[in-house]
Amino acid sequence: MSEVHEARRQRLREQLADRDVGAVLVTRLVNVRYLTGFSGSNATLLLTQEATVLATDGRYTTQASKQSPDIERHITADVHGDLVSRAAGASVGRLGFEPHDVTVELHNRLAKVAEGVELVPVGRAVERLRVVKDEDEIDLIRRACAVADAALADLLPTILPGRTERDVAGDLEARMRQHGADGPSFETIVASGPNSAVPHHRPTGREISAGDFLKLDFGALVEGYHSDMTRTVVVGAAADWQREVYTVVAAAQQAGVDAALVGANAGDIDAVSRDVIEAAGHGEHYTHSLGHGVGLEIHEAPALRAGGSDTLAARTPVTVEPGVYLPDRGGVRIEDLLVVREDAPEMLTLTTKELVVL
Ligand code: ZN
Ligand code: ZN
């Protein structure tokens, strides 16, 4: 993986030159991981045109040498101060920092040691690099999606009236671990009956009963990469209103998937899918955006939302997840993770989208 990380750092260096900064201090841990492979809980990276220095503390000496063998490592109790001093010593002139991560307190402290160095915000430069994935990253996300698909296939036959939402959520997470997940990629959502009308319901002790919609939104974590999927099933027998709502959401979801093409505008993709739901008279029951990027974080750029201005590029994983929520009755969301590709999207979530009645 060393060459992959070096290639990522090279892309960041090119940006530094464009922004007229001599070096950048990367403090957001997920960005340090992206650029070095190091996944410890305390780290800062200094990147100049000539040098790459990873600072962490003594707990991580071994881990850092294993995960980032190709770069200079600095063990210290002050991962920020030492690297800023180093940048000052190297006369970098302007030192970029991540303004969405550095607190006012930390900035004040850095300014004291930044002798002869001007601290310059560089925005979300690393996050922007992370939007388009390399194939190694896509492989991990594909694996995370396969784990979630397999866990759901195991789980579905065990969902019976009388089991609680919390019980089913715990079971699903355990099955993802059995299939190779390091853990869930976020807190699993299991929402039954009227609770399914709450888009981000937290599992409760409610017992599942016949006639319920059961909405499951979950994902697996594999080597730092996330997956994200939602399926909504019916327990017992499906009523006409449930079939109607499900059919609308499934059509909207497919329209969104079909529109996720290279060069497409994020706002347009949201609109194509949302139009299907609005035409069916459920516009007011769809209260969130269509989807989001996924990678080292569960929610990343690009945002597929109304009015969104991002343009989709190849090798960008995004979710497509419209929903219709009828207050006090129930709701449906269907969510797939796909990768934008040159000709047609590559689906990573493979579980059926036909209405499953348990
Ligand atoms: Zn989800
Ligand atoms: Zn999602």
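E346 touches R142, L338, V339 and R341, leaving aside residues up to four places away in sequence; contact here means heavy atoms within 4.5 Å. This is a predicted model, in which local features need pLDDT of at least 70, side-chain atom pairs count only at pLDDT 80 or more, and totals for chains, interfaces and linings use all residues. Residues are numbered from 1 along each chain as its sequence is written, chains are lettered from A and ligands numbered from 1 in the order in which they are written, and side-chain values use heavy atoms, with hydrogens and water left out.

- E346 belongs to strand 19 (residues 346-347); helices (H or I, at least four residues) and strands (E, at least two) are DSSP runs, numbered from the N terminus.
- With a relative accessible area of 22%, E346 is partly exposed; buried means under 20% relative accessible area, exposed over 50%, and partly exposed in between (1.4 Å probe, protein chains only).
- The side chains of E346 and R341 make a polar contact (2.9 Å). Such a contact is a pair of N or O atoms within 3.5 Å; within protein, one must be able to donate a hydrogen and the other to accept it, and residues adjacent in sequence count only if both atoms are side-chain atoms.
- From C-alpha to C-alpha, E346 and P317 are 9.1 Å apart in space, while 29 residues separate them in sequence.

**The zinc ion (ligand 1)**

- D217 (OD), D217 (OD), D228 (OD) and E335 (OE) coordinate the zinc ion (ligand 1) at 2.0 to 2.7 Å. Donors are N, O and S atoms within 2.8 Å of the metal (3.2 Å for Na, K and Ca); water is not among the atoms, so sites may look incomplete.
- The site of the zinc ion (ligand 1) is irregular, with angles of 54 to 152° among its 4 donor atoms. Four donors count as tetrahedral if all angles lie between 85 and 135 degrees; four count as square planar and six as octahedral if opposite donors are over 155 degrees apart and all others between 65 and 115; anything else is irregular.
- Along the chain, the donors of the zinc ion (ligand 1) have the spacing D-x10-D-x106-E.
- D217 counts as buried because its relative accessibility is 2%, and E335 is buried with a relative accessible area of 0%.

**The zinc ion (ligand 2)**

- The zinc ion (ligand 2) is coordinated at 2.1 to 2.2 Å by D228 (OD), H292 (NE2), E321 (OE) and E335 (OE).
- The arrangement around the zinc ion (ligand 2) is irregular because its 4 donor atoms subtend angles of 79 to 153°.
- D228 bridges the zinc ion (ligand 2) and the zinc ion (ligand 1), which lie 3.2 Å apart.
- D228, in the loop between strand 11 and strand 12 (229-234), and E335, in the loop between strand 17 and strand 18, are 107 residues apart and link distant parts of the chain.

- The 6 strands form an open sheet in the order 4-3-2-1-5-6, with mixed pairing; two strands pair if DSSP finds at least two bridges between them.
- Strand 4 (72-75) and strand 6 (118-121) stand at the edges, each with a single partner strand, so one side of each has no neighbour in the sheet.
- Strand 2 and strand 3 run antiparallel, joined by 4 bridges, and a hairpin connects them through 3 residues.
- Strand 3 (residues 52-56) pairs with strand 4 in the parallel sense over 4 bridges; L54 stands opposite R73 in strand 4.
- Strand 3 is largely enclosed by the rest of the structure because 5 of its 5 residues are buried.
- T52, L54 and T56 point one way from strand 3, whereas V53 and A55 point the other way.
- In a regular strand, side chains alternate between the two faces of the sheet.

- An open sheet of 3 strands has the order 7-10-11 and antiparallel pairing.
- Strand 7 (183-184) and strand 11 (225-226) are the edge strands, each pairing on one side only.
- Strand 7 is joined to strand 10 (residues 220-222) by 2 bridges, and G183 has L221 as its bridge partner in strand 10.

**H282**

- H282 is in the loop between helix 10 (266-279) and strand 13 (291-293).
- H282 counts as buried because its relative accessibility is 10%.
- Not counting residues up to four places away in sequence, H282 touches E244, V245, I277, V324 and L326.
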